[in-house]
Amino acid sequence: MKLRESNIEKLNSEVFDVLILGGGINGAVSAASLSAKGARVALIDMNDFASGTSQESSNLAWGGIKYLESLEFFLVRKLCMSRNHLMRSYPSTVQEIRFYTTIEKGFRFPSWFIYLGTWFYWFVGNCFTKSPRFLTKSRIAREEPVVKTTNAEGGFEYSDSYLHDNDARFVFNFIRMALNYGCIAANYVESLGSKKENDIWITSVKDKMSGKKFNIKSKLLINTCGPWADMENEKSDISTEHHHLFSKGIHLIVDRISPHKRVLTFFADDGRLFFVLPMGAKTCIGTTDTKVDTPTPEVTEEDREFVLSNINKRLNLDKPITKADIISERCGVRPLCVKGKSGSSKDWMQLSRKHEVEVIRDKKHLTVFGGKLTDCINVGEEVASYVKSMGIDFPFPNKRWYGEPDDAIRDEYFHQARLMDLDSYTVPDSSEPLTLRLWRRYGAQAIGMLENIREDPDQAEVLIHGTEYIRCELHQAARREMVEKLEDFLRRRSKISLIERKETIRSSPGLKEACEILFGNEAKSKLEEYFGEGKSSQSKAKSNKSMPISQKSNSKKKSPSKKSNKVAKKR
């Protein structure tokens, strides 16, 4: 029986200590924290895990330097400490990156003044990263010739951190950790509303894959539905002091703009920070900040024009970036927490991403409003403290529930990898050695993958051209990652649909085998579902017409190549 099918059966079989609604970053860390401490936890998401706001971020874990302008020093300090904690806890995943910032003439603050602000930011963050550096106009032109300096006054460079993999993968790893600790989680299970009977929450749900309806019972209910939190509370007649406003942000993915692994930072025409972010062999450009009323917005022509216009104004390019150059798009909302029904008196773009946990003790109900990836560990700990205060017993209250495996496990993995010369299997166009990538994505589970490759070197073979994902990763996803739709793997367990055009994926020789590994006898229908006209409404990776790209077969029945000769030699 598959993992999801087994969990669906278990959801209706007991009274859980806690039911968590929503599998984005707030729900994922809450589940990991509570499960590790010994609580009986269930988690459901109406779509796939991390398929909302958590898959549409800038992939940054940063201290909120922009909040210095609104004088929110305590928030900046808190976010910097959270960033530092993430970097220490996930050294292979959350890594320091430099922000190479250009200030144009006539900006609302002179470059030297903002540069002083970066030193304050550095000190507020306990001097944890590399120190800031001032950039003259001539230095910018020399070090980063792709930046247009015609109207530049100067600039500066400072540090924050970024997620080496995509944001949704980072979130899913918390879900996977919760599953390891006994959490019963399932995607594509929609809450139809909850009611309290005899001090027990009864939540009516629908399995969206089978259509089956059933109930889940729990002593305590936690709403971590992100942008859908207010709507979920309405279903259950829960009234809260806080609510959400929505800010739409988009990113466009194009081919690599700069060879340097740093974030090019500008201030867009509307005054908002604007990034050119490295994404392996691609570049992610954005973002926007538009007030919307729906949690499911779409990219408009106006959005595309804003991003393309701003980036073309600020870069020296052989030819302007056009819509034809867009490989994929990301579009989501930031759920901004405000107090009271009248909203906030603050300027729209000055509203922060800080979170609030609203507790209704007599109903044993929690709602997490707002929040962002940077502060996720604090959210997990805070939720656990509230749950404990409402009478849920923790057999292991001090259990650490986050972070990479300890040094002994890491050293054993890298030792085994060196003994088998794992990096010799790394394909030539890879962005990093295979040893590092498997460890970052799978942690202790990567040791078992080494055994798979030793037994069968074909397990180290890339199946979908240009993506770096090898055969044994597909088997890992099929067994342990609850992939129910092809989009789940291409968009969230990996970032394939962000960095490759849809037609390129469709024509990949290894795609059929990949689907067979993931879905078995359902492979054909899952392919048709993804590429057919009835495409999942969750997908924001809308691809343009495919450009010509060289392909090579990665299937087992392939013509001789340098890679296949290497595999044969290993045998």
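Where pLDDT is low, the predicted coordinates should not be read in detail.

Now for the charged pairs. The structure holds 47 salt bridges, and here are three of them.

| Pair | Closest N to O |
|---|---|
| E484 and K2 | 3.9 Å |
| D269 and R314 | 2.9 Å |

Start with E484 and K2, which form a salt bridge. E484 sits in the loop between α13 and α14, while K2 is in the segment before α1, so the pair ties together parts 482 residues apart in sequence. E484 is buried at 9% relative accessibility, whereas K2 is partly exposed at 31%.

D269 is partly exposed, at 46%, but R314 is buried, at 4%.

E301 and R304 both lie in helix α8, three residues apart, or about one turn of the helix. An α-helix has 3.6 residues a turn, so residues three or four places apart point the same way. E301 is partly exposed at 45%, and R304 is buried at 12%.

There's also a network of salt bridges linking D165, E432, R437, R440, R441, E468 and E473. E473 is among the buried residues of helix α13, a mostly covered helix with seven of its 10 residues buried. Those buried residues pack against α1, α6, α11, α12, α14 and α17. After α13 comes M482, with a positive phi near 50 degrees.

Out on the surface, W112, F113, L116 and F134 make a nonpolar patch of about 420 Å² of accessible area together. Helix α4 supplies the largest share of the patch, three residues. F113, found in α4, is partly exposed at 44%.

And how many disulfides are there? The count is zero. C331 is buried at 1%, and its sulfur is 12 Å from the closest cysteine sulfur, in C284, too far for a bond. C376 is buried at 0%, with its closest cysteine sulfur 15 Å away in C80, again too far.

How values were computed. Residues are numbered from 1 along each chain as its sequence is written. This is a predicted model: local features need pLDDT of at least 70, side-chain atom pairs count only at pLDDT 80 or more; totals for chains, interfaces and linings use all residues. Side-chain values use heavy atoms; hydrogens and water are left out. A disulfide is a pair of cysteine sulfur atoms within 2.5 Å. Buried means under 20% relative accessible area, exposed over 50%, partly exposed in between (1.4 Å probe, protein chains only). Patches are made of residues with over 30% relative accessible area and no salt bridge: like charges are joined within 9 Å, nonpolar side chains (Val, Leu, Ile, Met, Phe, Trp, Tyr) within 5 Å. Accessible areas come from the Shrake-Rupley method with a 1.4 Å probe; for residues, only the protein chains shown count as cover. A salt bridge is a side-chain nitrogen of Lys or Arg within 4 Å of a carboxyl oxygen of Asp or Glu. Helices (H or I, at least four residues) and strands (E, at least two) are DSSP runs, numbered from the N terminus. Contact means heavy atoms within 4.5 Å.
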